[in-house]
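Good morning, colleagues. I shall present one structure today, with attention to its strands, its cores and the contacts between its chains. Please look at the sequence and the model before I go through them.

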Amino acid sequence: MVLTDTDRKLIVAIQDGLPLSPRPYAEIAEQLSLSEQDVIKRIRQLQSSNIIKRFGAVVRHHELGYTANAMVVWDIPDDQVDAAGKKLGEFDCVTLCYRRPRQLPLWPYNLFTMIHGKSHDSVIDALEKIAAETGLGAFSKEVLFSGRRFRQRGAHYGQR
Amino acid sequence: MLKLTIQKETNQVAVSELTDLERRFLNAYQHEFPLSPMPYADIADELGVTETKILEMLDSLSRRKILSRIGPVFTPNRAGASTLVAMAVPAEQLEEVAALVNSYDEVNHNYERLNDFNLWFVLTASDRNRIEEIIQELRDKTGFQILNLPLEQAYHIDLGFPLWC
C-alpha cells in the first residue's frame, strides 16, 4: 500500500489516540475534511495492509502494577538467531522480540526481548524459566532493568 | 556502577485494583477496537453497560495513566523509519542528556536502563535520513558513545498486554 497525503494526515490525527467522545471518527473526519465513513475505511485499510499492527487500548504496564521492566539482550549465533527469536516470542510475558545488529566491540548482542513483571524477582524467575524451556540459557545475555522513564508514548509520524 | 534511581510513583495501580468492567474492557479491546461510527456505544452493548459508563471508565483509566490511548500501534518501519538508540552517559549528566533527547519530537520511548549504556530511546521519523541526522546531532552535541540498533527482524511485536502475566 502506498500512503497518500491524506493517509499521512490521518496517521498524525490518530497517533495520540481517538477522542473519548461518542463519535470519535466523525470528529477526526471533521478535522481532516473527510467523511466519517472515509476515516473508518482508511483506518481499516491501514490495518489490512499491516501498517497498523493493532488498533485498540494501549496500556502503560507500569501503572498496571508491572513495575519491573527488563530488556533482555542475547548474543545468539547468526545461524540460530531466527529460531531463537521465534521461540522467545511465544512466551506471554515477552512483549517484544526483535533482532538488531551487533555493534562490535561495544555491543555483542543481537536479539532483544522485553519482559514485564510485577517485581524484579518475578522478571528474573520468568527469565530463568524461559531460558530453561528454550535451551537458550547457555548463550551469553544481559538483563537491563529500566530506571527513570523520561518519555513514554506512541510514535509520532509528523506533527499536527 | 551506576545507581538506579527509583522514580516516585503516585499513579501506580495494581491489576487487582482494576474494576471488573475495566478488566473486561482491557481483555477485550487491546485489539479489534470497533471501527464503527459509535464505538463506545457498541462496546457498552457488548459489555452490558451504558455508553456513559464506558466513557467515564476510559476517562478514569486515562487520568490514572493506565490507559495511554485508544489508537494505533504501528508496524515498525512501515509508515516511516525507526531505530533503537543507546547512549553511554555519565550518571550526573543523565537528566540533562535525557532532556536534550526529549527535545526531539521524533523520540517516543526514552528510558534509563542499568548498564554502561544507560539511556535507551526509540526514534521514529518519516524517513531514514532524518534518523541519521538526529543521531549525528546527538553525537556532535554530547560526544558520548551512541549505538544505533535498527530493527532487522521482528519475531514478536506488541500485540497487547496479557493481564495474567
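This is a predicted model: local features need pLDDT of at least 70, side-chain atom pairs count only at pLDDT 80 or more; totals for chains, interfaces and linings use all residues.

**Strand pairing in chain A**

In β4(A), V73(A) has F112(A) as its bridge partner. Helices (H or I, at least four residues) and strands (E, at least two) are DSSP runs, numbered from the N terminus. Residues are numbered from 1 along each chain as its sequence is written, and chains are lettered from A and ligands numbered from 1 in the order in which they are written.

To return to the strands: β2 (residues 68-74) of chain A and β4(A) are antiparallel and share seven bridges; two strands count as paired if DSSP finds at least two bridges between them. β4(A) also runs antiparallel to β3(A), with five bridges joining them, and there Y98(A) stands opposite F112(A).

Next, the nonpolar cores. Such a core is a set of buried Ala, Val, Leu, Ile, Met, Phe, Trp, Tyr and Cys residues joined through C-beta atoms within 7 Å. Which residues touch the most other members of the largest core? They are V39(A), A57(A), V59(A), Y29(B) and L67(B), in a core of 37 residues. Elements giving two or more residues to this core include α1, α2, α3 and β1 of chain A, and α1 (20-28) and β1 (67-74) of chain B. β1(A) supplies the largest share, five residues. Apart from this core lies another, of 23 residues, including V73(A) and W74(A).

Finally, the interface. In all, 69 residues of chain A are in contact with 73 residues of chain B, contact meaning that C-beta atoms, placed from the backbone, lie within 7 Å. On the side of chain A that touches chain B, the largest share, nine residues, comes from β5(A). β5(A) also pairs with β3 (residues 107-113) of chain B, antiparallel and over three bridges. Within β3(B), N110(B) is the bridge partner of R151(A).

How values were computed. Two residues are in contact if their C-beta atoms, placed from the backbone, lie within 7 Å. A residue is buried if 20 or more other C-beta atoms lie within 10 Å of its own, exposed if 12 or fewer, and partly exposed in between; C-beta atoms are placed from the backbone.
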